[in-house]
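These are my notebook entries on a structure that I was asked to look through. I record each item in the order in which I looked it up.

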Amino acid sequence: MSALLQAQGLGKSYRHREALTDCTLKIPPGHVVGLVGPNGAGKTTLLKIACGMLAPTTGRIEVLGEQPAAGPAQLARVGYVAQDTPTYANLSVADHLKLGAKLNPGWDADLARARIDQLELPLKQKAGKLSGGQRAQLALTLAVAKRPELLMLDEPVASLDPLARRAFLRHLMESVADNDTSVILSSHLVSDLERVCDYLIVLVASRVQLAGDTEDLLAQHYRLVCTRRTESDLLGNVQVVWAEHSDRQSTFFVRGDTEPPTGDWVAEHLSLEDLVLTYMERAADPGHRSTTHTTEAAR
Amino acid sequence: MIWLTARQFRAQALAAVAVLAAAALYFLITGLQMHHTYTADLISCTPQNDCDGVLRQLPETYNAAFHLLQLLVLAAPALVGIFWGAPLVAREIETGTNQLAWNQSVTRTRWLAVKLTAVAAASIAAAGLLSYLMTWWARPLDAINGNRFDALTFATRDIVPLGYAAFAFALGTLAGLILRRTIPAMAVTLAVFIGIQILVPTAIRPNLLSSTTVTFPVNQATASQANGVYMGRGGAEVYIAGLPIPQGAWTVSAPPIKDSAGHIVAASAHLNCFPGPGPGAGPGAVKAGGPDFAQIGACLANYDLHETITYQPASHYWPLQWYETGMFVALAGLLSCACFWWIRRRQN
């Protein structure tokens, strides 16, 4: 089975800025992938390239072993829900289902109908009159009912209130589990992804900072709290991702083996949120690998 | 894909049908009236052999309608380009729905092909219907006016409006695809269409087929056939009007009279030949034809002057219609190819 997404040196630059830089990734199949990063990090660019909406400036990409949007067959294998979940404002919910049925040979009418019924979306309602949450659900229904092998969603819950957000993600996970679909889901909030993703990509400032199986990543990262010292005083086979120093104390965020490094420190695992934030912080401050806090007294 | 195109185009199509139906009704009612009057006039005037006088009444009665309807038929392709072409893709890009459409199991090439074909066919059909009605409606007036090459008349009869519609629609679509916004695409479509409609009758149509040139020596015989002499630029140029060229021909150029060396002749150089108000009377001073004018001709004959007229004969009407339609259809084809090239360019 080919990788969900394989990219080599992938880049996209606009006249004045780099949207994606030297992105090399290989996402194994059968995952729910969280693509996380701050706004403007390049998440949308990566997803748009992956579904063939954008052509990269440099590098190569394959999705499910083929060029994105290579033909009708490849298009049928990939579902994509764009940011802000666009739908045709003057077409009704029923029209959208008919659109899906007419344009997708693998269309699962029963599934689509069941989802719409379950969501209690009025069939005759124009999509323009639906609430943001309902529209997102309609867009998701269209993408799910074409029965793709890979479903990509760009910030699908960004514009939804917390309740709708939770409902959307629950429905997404249900459909994915039922149909054995792989998913790539982007968000700028770790909390959206925490419950649903088993693979994580952190994208900051147009570059991939971290990518891997969530469980592995969590097992490999530690926070070490010890008396103040420099990085070189840390012994052992660890790689310092980020360090914070206060007057007496140093905190190191390290990546190592699955066994915690031993020494005169307290080692503890990071939460997913802390892990992501650590990499974001590092990426936001290139050149430095640490930050020093001065305490009240020292001032 | 055909279903989606039809569903999305439904509202615009209904609006167009309503407009076309209203126009057709107007054409039919006034047209039948006019045709009836024309037939009756012809019957009444033929025995007395004064048809020129009787029939001149008809174009005057329908003067306003004639010009307004011609403008409507000429505007139709522009409207098609603006309201059907420009939003075709631009509107989808603006609302982001192209991201929905392009991620169904249909390539965007096919998506564009179906949309372009279906709406282009509707555009051509609408322009064709209007042109047919206009040509039928204005037949008596065109026969009386005898000027089928008038810029507005030629552009609103027979088959050229079909070519314009195809062109304007493809132009609007491409503008929308490149600019990605509906309103600017509409503006660009209108501007380019107007530019083309000015450029074609003045610079391109006269040269589509080789024209005929006749040279008249300025003498008494020529002058007695003409119906006037006009002075231009305060007497720096002299024109002879109404020289006999074949019936229904299109005068492409009638420059001022020249001498044997090919230089433009000023009226002031031969003042002795011009009785009455001289060049001092200002630009456009006119000396009527008739016996006086024959005398001017006889007087000027001593100086070896000539008037050269270039025209397209009446027999070139249909070849020019076909050439121009073909040219616009070819342009529409090129613009459509550009649309496909552009939409695929963004793909890997």
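Entry 1: the domains of chain A. I began with the distance between the centres of domain 1 of chain A and domain 2 of chain A, which is 34 Å when taken over C-alpha atoms. I note that the model is a predicted one. In chain A, domain 1 covers residues 5-205 and domain 2 covers residues 216-292.

Entry 2: the contact between these domains. I found that eight residues of domain 1 of chain A are in contact with eight residues of domain 2 of chain A. On the side of domain 1 of chain A that touches domain 2 of chain A, α7 (190-194) and β8 (199-204) of chain A each supply at least two residues. The largest share of that side comes from β8(A), with three residues. I then sorted the side of domain 1 of chain A by class: seven residues are nonpolar, none is polar and one is charged.

Entry 3: the partner of β8(A). Which strand does β8(A) join through six bridges? I found that the partner is strand β9 of chain A, residues 207-213, and that the two run antiparallel. Strands of a sheet pair through backbone hydrogen bonds, either parallel or antiparallel. Within this pair, A:Tyr199 stands opposite A:Asp213 in β9(A). β8(A) and β9(A) form a hairpin, and two residues lie between them. In the turn, I noted that A:Ala205 has a positive phi of about 50°.

Entry 4: a sheet in chain A. I looked up an open sheet of three strands, in the order β2-β1-β4 (chain A), with antiparallel pairing. Its edge strands are β2 (18-27) and β4 (58-63) of chain A, each of which pairs on one side only. From one strand to the next, the twist averages 20°. I then followed strand β1 of chain A, residues 5-13, which pairs with β4(A) in the antiparallel sense over five bridges. A:Gln8 stands opposite A:Arg60 in β4(A).

Entry 5: confidence in chain A. The mean pLDDT of chain A is 87, and 94% of its residues reach 70 or more. I marked residues 295-299 of chain A, where the pLDDT is below 50. Beyond near neighbours in sequence, this stretch has four contacts in the model. Where pLDDT is low, the predicted coordinates should not be read in detail.

Entry 6: one residue of chain B. I located B:Asn272 in the loop between β4 (250-253) and β5 (286-288) of chain B. Is B:Asn272 buried or exposed? It counts as exposed because it has 8 C-beta neighbours inside 10 Å, and the cut-off for exposed is 12 or fewer. Lastly, I compared B:Asn272 with B:Ala143, which is 129 residues apart from it along the chain. Their C-alpha atoms are separated by 42 Å.

Terms used
Residues are numbered from 1 along each chain as its sequence is written. Chains are lettered from A and ligands numbered from 1 in the order in which they are written. This is a predicted model: local features need pLDDT of at least 70, side-chain atom pairs count only at pLDDT 80 or more; totals for chains, interfaces and linings use all residues. Helices (H or I, at least four residues) and strands (E, at least two) are DSSP runs, numbered from the N terminus. A residue is buried if 20 or more other C-beta atoms lie within 10 Å of its own, exposed if 12 or fewer, and partly exposed in between; C-beta atoms are placed from the backbone. Two strands pair if DSSP finds at least two bridges between them. Axes are lines fitted to C-alpha atoms, for helices over the stretch in contact, and angles run from 0 to 180 degrees between N-to-C directions. pLDDT is the predictor's confidence in each residue, from 0 to 100. Two residues are in contact if their C-beta atoms, placed from the backbone, lie within 7 Å. Domain bounds come from an automatic or database domain assignment. Ala, Val, Leu, Ile, Met, Phe, Trp, Tyr, Cys and Pro count as nonpolar, Asp, Glu, Lys and Arg as charged, and the others, Gly among them, as polar.
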